[in-house]
Amino acid sequence: MSNQFPDPFAFLPDDSSTADEIRAFDWSRSPLGPVEAWSPALRAMLATMFDSPQPMFVSAEPGGVFFFNDACRALLGRRVSGAVGGRLDEVWVDVWDDISTHVARAMAGEGSTRRDLPLTMTRHGFVENTWWTLSFAPLRDERGSVIGVYAFTNETTSAVRSGMTLRELNASLEREIGARTRERDQIWAISPDLYIVMGRDGRYRNINPAWQRDLGYEESDLGSMAFGELVHPDDLDRARDAMAQLLEGDTVEDLEVRLRARDGSYRWFAWTCVPDGELVYGMGRDVQRRRDMEDQLRHAQKLEALGRLTGGIAHDFNNILGGIGGAIEIVSERIESGRLENTRRLLDAAHGAVNRAAGLTHRLLAYARQQALSLSDVDANAIVRGLDLLLRPLLGEQVVLELHMQPDLWRTLSDASQLESAILNLAINGRDAMPAGGTLCISTRNEPARNIGTGPADYVVISVADTGTGMSHAVIEKAFDPFFTTKSIGQGTGLGLSMVDGFARQTGGRAIIESEPGKGSTVSLWLPRHVGKEEAPHAHIDHGPHHGGGRRVLLVEDEHVLRSLAREVLEEAGYTVDDHADAAAALGSLRTPSAPDILVTDIGLPGMDGRQLAQSVREALPDLPVLFITGYAWEAFADAPRLPPGCAILGKPFSLHALVGAVADLIDGTNP
């Protein structure tokens with residue numbers, strides 16, 4: 001139901017003390033009358049005024065009623081009390097003679113601006129000389145009639161006083177240096193580069209004419225402005241570091257920062273600055289054109305990388321789809337003709353192609369750091385030992401496998417399955433780098449208080465070293481790029497190392513390569529140390545037979561075919577399945593007397609997503625196990641690096657038997 005009494009002050013912000021004063025004022029007793037009678041133009045201007053970060057005030061007719069924004073409060077001083085709803089000429093009575101002409105011009109329909117206007121004001125209990133830049137403009141209604149005045153104000157007292165001091169200093173310097181600086185002045189005047197003289201406080205003392213040609217500034221425009229006031233906000237930290245270096249007596253060379261031109265645009269300049277006593281002399285060379293060319297080159301390189309990415313995906317997926325489609329076509333023909341021989345082999349081939357496609361997708365998501373990780377307390381030594389028997393036949397007889405593990409290795413918060421996959425990828429890469437055989441060494445160690453780019457921290461390091469062909473510096477720079485590979489087409493996707501690096505960075509660490517041509521390679525996974533309470537070690541899901549015993553499964557999956565298959569295999573395993581295509585229907589089913597024993601839900605559901613559904617269901621059933629099934633869920637878990645207790649993730653595509661095993665594992669409480 002809509003609100004029958006809308007807020008007449010809805011155009012005002014909620015978090016403003018000045019807006020609160022406007023709401024509290026009795027406007028029925030003012031010349032403007034109640035707020036409902038105000039013109040739309042006045043309402044719009046007041047809304048705009050409160051959006052402005054610059055001090056601003058409005059005088060509305062009839063009555064010259066005064067309004068101002070929060071940024072203007074400090075400028076009003078003692079006038080602020082009772083200023084809302086007062087008359088403009090009464091609020092500014094002590095400076096009215098100086099500004100009344102501009103107000104009258106605005107009421108006549110003509111805007112005006114006065115820079116560095118001297119105003120004698122009383123605002124801190126005493127009379128003082130101040131300078132202001134004021135811009136007045138007529139406030140018009142929807143018919144174009146002037147219904148008031150609005151003005152922007154900016155105090156320039158400090159700049160004017162500093163400018164006076166600077167001009168006096170420059171005059172004194174000119175008298176002192178005289179003829180001795182004539183030749184230097186000629187270079188100063190005709191140079192296309194920017195020249196500057198600054199004090200140790202970073203404020204401009206002098207600039208050459210190139211400032212006007214390149215950026216539009218006269219010397220008087222800058223006054224005693226600080227150098228950093230024209231620097232782009234993103235470059236301020238580097239500019240401050242350079243000033244600190246100059247104050248220590250060091251020369252600054254090739255400092256590239258963007259400076260704001262008079263028209264508001266920015267240009268790149270490379271600065272060389274030399275300290276000399278209380279002054280700093282600087283020269284800035286325009287490097288905008290060079291920067292533009294570099295940006296064009298980077299854009300071309302990005303397009304080239306995108307071409308490699310899409311080409312690699314097309315090549316690999318077309319091969320995979322060709323295998324799946326061919327196997328299905330042959331099996332279909334044989335079933336129609338009543339011949340079933342070798343169909344199992346063809347179906348196994350199609351299943352293997354599906355697994356390869358899933359692996360390719362997972363590597364893509366790992367590279368982009370957009371896969372949902374199931375983080376748990378992991379013993380990396382146990383992971384490596386568990387891979388020992390699997391690795392030896394994969395490496396072949398010509399490769400000697402050595403394990404060197406630190407006995408008191410710290411634990412790490414990681415995704416055990418993804419960590420296993422990363423180590424396998426590195427081991428297979430190492431094997432391929434040793435076509436004539438060699439030694440592959442997997443080692444683990446603790447690295448305390450090391451800085452790898454994000455500040456000092458403790459890391460668990462897992463290194464895979466080979467004695468193979470090694471990599472050049474140029475190859476190392478591209479090794480983590482997607483689809484970059486030194487192998488021939490068909491022998492590698494180029495996603496192995498990018499997946500390893502993406503996984504490591506997603507857990508808060510990174511992957512580091514050390515290699516030289518002919519001297520082998522070492523790829524190290526630096527994973528953050530886990531300092532929390534030690535938990536049960538990672539265990540694989542048992543893929544043995546499971547029996548549901550009639551326990552109830554609430555299944556939510558919007559893909560009809562997958563939902564039907566999942567329901568069928570779960571029912572064959574002895575579960576009672578209540579399946580739905582969306583979260584709303586699933587929540588409605590909770591009204592029945594029989595509560596589910598587990599929620600199995602896709603994350604990417606229409607409307608409410610799977611994570612939100614799980615949170616809603618757990619409000620009624622706090623201890624209900626939840627199994628998320630997903631192929632792409634990074635957004636749903638972007639704010640949670642770890643799954644809640646009693647939850648697990650099963651990545652798509654998955655074996656239906658793995659689904660049954662994961663359900664049984666969660667219901668039995670064996671999932672860590």
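Biologist: Which residues lie nearest the centre of the second largest pocket, and how many residues line it?
Modeller: Asp116, Thr156, Ala159, Asp221 and Met225 lie nearest the centre, out of 29 lining residues. A pocket here is an open set of points on a 1 Å grid over the protein atoms alone, where a 1.4 Å probe fits and protein lies on both sides within 12 Å along at least five of seven lines; a lining residue has an atom within 4 Å of a point.

Biologist: What should I know about the model itself?
Modeller: The model is predicted, so to speak of a local feature takes a pLDDT of at least 70, side-chain atom pairs count only at pLDDT 80 or more, and totals for chains, interfaces and linings use all residues. Residues are numbered from 1 along each chain as its sequence is written, and side-chain values use heavy atoms, with hydrogens and water left out.

Biologist: Back to the pocket. Which helices and strands each supply at least two residues of the lining?
Modeller: Strand 3, strand 4 (127-140), strand 5 (146-155), helix 6 (157-177) and helix 9 (219-222) do. Helices (H or I, at least four residues) and strands (E, at least two) are DSSP runs numbered from the N terminus.

Biologist: Which of them gives the most to the lining?
Modeller: Helix 6, with 6 residues.

Biologist: Where is Gly111?
Modeller: Gly111 sits in the loop that joins helix 5 (96-107) to strand 3 (112-122).

Biologist: Why does Gly111 count as partly exposed?
Modeller: Because its relative accessibility is 42%. Buried means under 20% relative accessible area, exposed over 50%, and partly exposed in between, with a 1.4 Å probe and protein chains only.

Biologist: What does Gly111 touch, leaving out residues up to four places away in sequence?
Modeller: Arg105, Phe136, Ala137 and Pro138. Contact means heavy atoms within 4.5 Å. Gly111 and Ala137 are 26 residues apart in sequence, but their C-alpha atoms are 4.2 Å apart in space.

Biologist: New topic. How many bridges pair strand 1 with strand 2?
Modeller: Strand 1 (residues 56-60) and strand 2 have 4 bridges, in the antiparallel sense. Two strands pair if DSSP finds at least two bridges between them. Ser59 stands opposite Phe66 of strand 2.

Biologist: What is in the loop between strand 1 and strand 2?
Modeller: Pro62 is found there, and the peptide bond from Glu61 to Pro62 is cis, with omega near 5°. The hairpin has 4 residues between the strands, and in it Gly63 takes a positive phi near 100°.

Biologist: Which residues other than glycine have a positive phi?
Modeller: Among them are Asp254, with phi near 55°, and Ala449, with phi near 50°. Asp254 lies in strand 8 (residues 252-260), and Ala449 in strand 14 (residues 438-451).

Biologist: Is Asp254 buried or exposed? And Ala449, buried or exposed?
Modeller: Asp254 is exposed, with a relative accessible area of 53%. Ala449 is exposed as well, at 55% relative accessibility.

Biologist: Last one: where is Ser589, and is it buried or exposed?
Modeller: Ser589 is in helix 18 (residues 583-589). Ser589 is buried, because its relative accessible area is 12%. Leaving out residues up to four places away in sequence, Ser589 touches Leu554, Asp578 and His580.
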